[in-house]
Amino acid sequence: MARACWDAGTETFSAPCNTDQTTTYLNWFANKAVDTGGKDGLANTDSCTHTAGGAGTTDPWWYVDLGTAIPVHRLLIWNRIDYQSNSDRLKNFQVWVTNSNSPVFTDESLLCHSHGTDVVTTFAHPLNIICDLVGRYVWVRLPGTGKILTLCEVEIYEVAESAWSSNCDTDATCENTIGDFTCTCNDGYSGDGVT
């Protein structure tokens, strides 16, 4: 199940899920990557992040604080696609999973993904990154000078969907919990939800 910072039922941000980025261009704040919008990849929908660029900008980054260390199974990342020059920005990026909110990227064992020069240019197909690391902070980093990091949506999945969907009985409901899942029998049924 996805871990998001936006509660669609109450239309409010729910703690923890704090975000940050190296710099912010205009009102393209870090939290826009976890607001459940932005899957269309269009910046004019006001749901993408954007760091300030320029010659003095080095290694821009973005992170989300999950509130506690969890097993991060995978991420889905939606890129900006409204102009080719903007969608080309998400090249050679890295994904890190750490327990520190300090942007230090030296321990290679915390590197979840290092992406090459190919770019995801369609919102119908977000980049699917398998991670399987445990940490509290998920970082997206764009190494280099003069770079701009723009993310339109990031979803983080704690447990492989196949791990919990196949274990619960068809007459039970699966609920994702931190690092695990629980099966609960539907009304009219009894038992552990698995057998």
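This is a predicted model: local features need pLDDT of at least 70, side-chain atom pairs count only at pLDDT 80 or more; totals for chains, interfaces and linings use all residues.
Strands here are DSSP runs of at least two residues, numbered from the N terminus.

**The loop between β4 and β5**

Strand β4 covers residues 18-21 and β5 covers 61-78, and leucine 26 sits in the loop that links them. Aspartate 59 belongs to the loop between β4 and β5 as well. Although leucine 26 is not a glycine, its phi is positive, at about 50 degrees. Aspartate 59, another residue other than glycine, has a positive phi near 50 degrees.

What about their surroundings? Leucine 26 counts as exposed because its relative accessibility is 62%, and exposed means over 50%. Aspartate 59 is partly exposed, at 23% relative accessible area.

| Residue | Phi | Relative accessible area |
|---|---|---|
| Leucine 26 | about 50 degrees | 62%, exposed |
| Aspartate 59 | near 50 degrees | 23%, partly exposed |

Now let us move on to β9, which spans residues 153-157. How many of its five residues are buried? The count is five of five, so this strand is mostly covered.

In a regular strand, side chains alternate between the two faces of the sheet. In β9, Glu153, Glu155 and Tyr157 point one way, while Val154 and Ile156 point the other way. Both sets are buried.

Which way do β5 and β9 run relative to each other? They are antiparallel, and five bridges join them. Within this pairing, tryptophan 78 has glutamate 153 of β9 as its bridge partner.

Terms used: Residues are numbered from 1 along each chain as its sequence is written. Side-chain values use heavy atoms; hydrogens and water are left out. Helices (H or I, at least four residues) and strands (E, at least two) are DSSP runs, numbered from the N terminus. Buried means under 20% relative accessible area, exposed over 50%, partly exposed in between (1.4 Å probe, protein chains only). Two strands pair if DSSP finds at least two bridges between them.
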